[in-house]
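Keep the cut-offs in view.

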Amino acid sequence: QTLGFFFKDAIKKFIVTQCILLPVTSLLLYIIKIGGDYFFIYAWLFTLVVSLVLVTIYADYIAPLFDKFIPLPEGELKQQIETMAKSIDFPLTKVYVVEGSKRSSHSNAYFYGFFKNKRIVLFDTLLEDYSALNKEPAEGEDGENEETKSKTKSKKQGCKNEEVLAVLGHELGHWKLGHTVKNIIISQMNSFLCFFLFAVLIGRKELFAAFGFYDTQPTLIGLMIIFQFIFSPYNEVLSFCLTVLSRRFEFQADAFAKELGKAKDLYSALIKLNKDNLGFPVSDWIFSMWHYSHPPLLERLQALKDAKQE
């Protein structure tokens, strides 16, 4: 990205973040103050509503402030996506292409929406036909010669239609297997537990005294002390457990794509995505077990290998 685009993006992010964070934080502090003995229930319900609202409006109102979304044109790829979605009863309404190439070469695909209003978003970098890096410059531009053009052609970014469908098969596997719902439930259970423990600890004067607040117990300071410091060991353990669960979900989604007959295409797509996303295929197993929410490339390829050979 250009320097101007970087600063423009940073300013937008700051403004949007403040517009959301300031009122939400203020309301949360107010709820804690007037909620009485059971304020943690009201605080949890408030954060639940806020998170659901943000998930609902993000793709339609917040994301377009940063990226350009265009409907995927009619054609073979769109027909194949709609056919695959219909085969697994995925309630697809629209398919978009997002202009991710203006930031980086990172490729991805995702879906969003509640109930019967699901939409699929494809990064332009995921598609060979849409990636800006694959577009040939005009003749004579920058004095480009035939050798340079041939090198550009040999370094195509993105995936073929069959590989895009395999990647989508993996993403739709997350929906079909209920991974999204499970993650939401786990997140809300954790949120409720944290607010409950916060209610238990907020009255402990020694916590505030340890940070220099001897005579007062500001609610905002209490939130920072308890959530940032007291919960730190718990958050590390929880993060590890969620990483293990996430890796399990990824293997299950790969297996779902395999059941759709996409093993061979997913195999080649994962290799291309790893290259386009500048991933390194080899990793220490202890480091990856603790830090990587997605299994390393070689482990995923090994799981797909038998089906690919078949």
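Is Phe123 buried or exposed? Phe123 is buried, because its relative accessible area is 19%. Buried means under 20% relative accessible area, exposed over 50%, and partly exposed in between, with a 1.4 Å probe and protein chains only.

Some ground rules come next. This is a predicted model, in which local features need pLDDT of at least 70 and side-chain atom pairs count only at pLDDT 80 or more, while totals for chains, interfaces and linings use all residues. Residues are numbered from 1 along each chain as its sequence is written, and side-chain values use heavy atoms, with hydrogens and water left out.

Start with the sheet. Four strands form an open sheet, ordered E1-E2-E4-E3, with mixed pairing. Strands (E, at least two residues) and helices (H or I, at least four) are DSSP runs, numbered from the N terminus. Two strands pair if DSSP finds at least two bridges between them. Strand E1 (69-71) and E3 are the edge strands, and each pairs on one side only. From one strand to the next, the twist averages 30°. Strands of a sheet pair through backbone hydrogen bonds, either parallel or antiparallel.

Take E1 first. E1 runs antiparallel to strand E2 (residues 92-98), and three bridges join them. Ile70 has Val97 in E2 as its bridge partner.

Four bridges pair E3 with E4 in the antiparallel sense. Phe111 stands opposite Ile120 in E4. E3 and E4 form a hairpin, with five residues between them. Gly113, in the turn, has a positive phi of about 115°.

The rings come next. Rings of Phe, Tyr and Trp (its six-membered ring) pair if their centres lie within 6.5 Å; planes under 30 degrees apart count as stacked, over 60 as edge-to-face and the rest as tilted. By this rule there are 19 aromatic pairs. In one of them, the ring centres of Phe39 and Phe40 are 6.5 Å apart and the planes lie at 80°, so the pair is edge-to-face. Phe39 is buried, at 7% relative accessible area. Phe40 is buried too, at 10%.

Tyr110 is partly exposed, with a relative accessible area of 26%.

One aromatic cluster includes Tyr38, Phe39, Phe40, Trp44, Phe192 and Tyr234.

Helix H6 (residues 179-201) and helix H9 (residues 232-259) pack at about 170°, with axes 12 Å apart. Axes are lines fitted to C-alpha atoms, for helices over the stretch in contact, and angles run from 0 to 180 degrees between N-to-C directions. H6 and H9 are therefore roughly antiparallel (over 145 degrees). Among the residues that meet, H6 gives His179, Lys182 and Leu193, and H9 gives Tyr234, Leu238 and Phe249. The residues of this contact divide into nine nonpolar, four polar and one charged.

End at Asp276, in helix H10 (residues 263-276). Asp276 is buried, with a relative accessible area of 6%. Beyond its neighbours within four places in sequence, Asp276 is in contact (heavy atoms within 4.5 Å) with Ser105, His106, Ser107, Gln157 and Gly158.

Methods
Parallel < 35°, antiparallel > 145°, perpendicular 65-115°, else oblique. Nonpolar A, V, L, I, M, F, W, Y, C, P; charged D, E, K, R; others polar.
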